[in-house]
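Student: I would like to learn how to read a protein model. Could we go through one together?

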Amino acid sequence: MLELATISVFCLLCFALLNLYWGQRVARLYQAHLAQKSHSSYTPSAAVVLSLRGNDPFLADCLQGLLNQDYPAYQVKIVVDHIDDPAFAFVTQYLAEHEHPHCDVSIREVSNGVCGLKNASLVQAIREVDNDIEVLAWLDADVIPHRSWLRELVSPLQDPEVGVASGIRWYAPRHANPGTMVRHAWNTAAMMQMVALEIPWGGSIALSREIFTHPQLTNSFSRMLWDDTGLKVIADQLGRRVAFVPATTMVNRESISFDSCFRYMTRQLVNARYYHPHWWLVAGLGLMMAVAQTALLVLSVLFMLQGDLTAAASSAGVLLFANGCVAVAIFRISLLVHKTVTARGEHFQRQPLRTLGYLGITVYIFAAALLAAMRTRTIDWRGVLYHVTDPFNVQIMHYEPYRHPEANASLLELEHVSI
């Protein structure tokens, strides 16, 4: 038992120190942003793409923010999945009431059925972008961009070494149901990995012209299910890096059921499994933490039953220390995110104690989602059924235009409604 305890202690200590290091990197990122005195003056000609499937409950707010950016020259390209999609009628009516001189709406062309629908829309938009556009950005419909969102998002691209600028997703739950809190706790911890391992977030992202005009991007998107995680590999191959923009930390206040939360986590991990070069590090750390924590919990009880109080106390102490390190990193990041969002005139309620209370169970739900992601081949995403056998072998098994949810569907069941 001592050998197993020693191995478990070593694994947990390594995990704890790694999270402290990653948390410090994220904290420095936010501190540097908060220390800035003014917005960047870098405003190259830009185009922003919004891909829609379904009428998102936040779509009006998304359009309001998107069409009123503090940015001198930018185009907006809205690509709707189908002409019968309810989002098309909504957007058409919205634009009739809120004119914008450089906003185009189009219907997604017939897909070849071998990539994600959002990717198909992005490829279509990229091919229609004017030759003088220097930056291409896109966002999801559940993102509500503040007035300086685009200016802040493109700022890192003035560095010639940066090819991809990514925003950061932050869940700020209004409700404390289990699914919502688990997603919040998991995303907060995952955010540290995303920054450290350069895993971009497609909900708010910008690409330099060298990246979005390169044939490799459209060729890859035309055969991939997702649009964001694989950008790390593409940027590396083109000699560019990924930069994260704390100023574009986008707050999502939606609630979610526990079942939908687990499907969401699994889907995110399938994305990493197929398209990120450090997938096995992500999976290994998640499974190691769950196994080591379980082993040390059991061993601490066994040591106590055997009367070895020193070993029992040591095991319990390491457990508390490891979870405390993660909790400290998350608490610190949460505070800095709150300051960042508050500084731009928004507000959300922090729930640090509830978040910390869910960390223990989130470890095991994360491990279960990892195991599910390892064997997942078929993905049901927004009513479209995809079968994926390898990163560039995607088939749409079932498609139909988006339909309104059933009248009795709960708001807790809402998931990403962008394509």
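Student: Are Arg 108 and Asp 81 buried or exposed?

Tutor: This is a predicted model, so the answer comes from computed values. A residue counts as buried when its relative accessible area is under 20%. Arg 108 and Asp 81 are both buried.

Student: What do the side chains of Arg 108 and Asp 81 form?

Tutor: Side chains of opposite charge can pair when their charged atoms come close. Here Arg 108 and Asp 81 meet in a salt bridge, at 2.8 Å from N to O. Arg 108 sits in the loop between E3 and helix H4 (117-128), and Asp 81 in the loop between strand E2 (74-80) and helix H3 (86-97), so the pair ties together parts that are 27 residues apart in sequence. Arg 53 also belongs to this picture: a network of salt bridges links Arg 53, Asp 81 and Arg 108.

Student: How many salt bridges does the structure hold?

Tutor: The structure holds 11. One of them joins the side chains of Lys 232 and Asp 236, at 3.2 Å from N to O.

Student: Where do Lys 232 and Asp 236 lie?

Tutor: Both lie in helix H9 (residues 231-237), 4 residues apart, which is about one turn of the helix. Lys 232 counts as buried because its relative accessibility is 11%. Asp 236 has 39%, so this residue counts as partly exposed.

Student: Which residue meets Glu 400 in a salt bridge?

Tutor: Arg 403 does, with 3.3 Å from N to O. Glu 400 is partly exposed, at 27% relative accessibility, and Arg 403 is exposed, at 59%.

Student: Let us turn to the strands. What is the order of strands in the open sheet?

Tutor: The order here is E3-E2-E1-E4-E6-E5-E7, an open sheet of 7 strands with mixed pairing. Strand E3 (103-107) and strand E7 (241-252) stand at the edges; each has a single partner strand, so one side of each has no neighbour in the sheet. From one strand to the next, the twist averages 20°.

Student: In which sense do E1 and E2 pair?

Tutor: Strand E1 (residues 46-52) and E2 pair in the parallel sense, over 7 bridges.

Student: Which helix lies across E5 and E7?

Tutor: Helix H6 (residues 178-197) does, running at about 160° to E5.

Student: Last, the surface. Which residues form the nonpolar patch there?

Tutor: Met 1, Leu 297, Val 298, Val 301, Leu 302, Leu 305 and Tyr 364 form the patch, and together they have about 610 Å² of accessible area. Helix H11 (residues 279-305) gives the most to this patch, with 5 residues. Take Val 301, which is found in helix H11: its relative accessible area is 46%, so Val 301 is partly exposed.

Conventions:
Residues numbered from 1 in each chain as written. Predicted model: local features only at pLDDT ≥ 70, side-chain atom pairs only at ≥ 80, totals over all residues. Heavy atoms only, no water. Patch = residues over 30% accessible without salt bridge, like charges linked within 9 Å, V, L, I, M, F, W, Y side chains within 5 Å. Areas by Shrake-Rupley, 256 points an atom, 1.4 Å probe, with all protein chains shown as cover. Salt bridge = Lys/Arg side-chain N within 4 Å of Asp/Glu carboxyl O. Helix = DSSP H or I, 4+ residues; strand = E, 2+ residues; numbered from the N terminus. Buried < 20%, exposed > 50% of the residue type's maximum accessible area, 1.4 Å probe, protein only. Pairing = 2+ DSSP bridges. Axes fitted to C-alpha atoms, helices over the stretch in contact; angles between N-to-C directions. Contact = heavy atoms within 4.5 Å.
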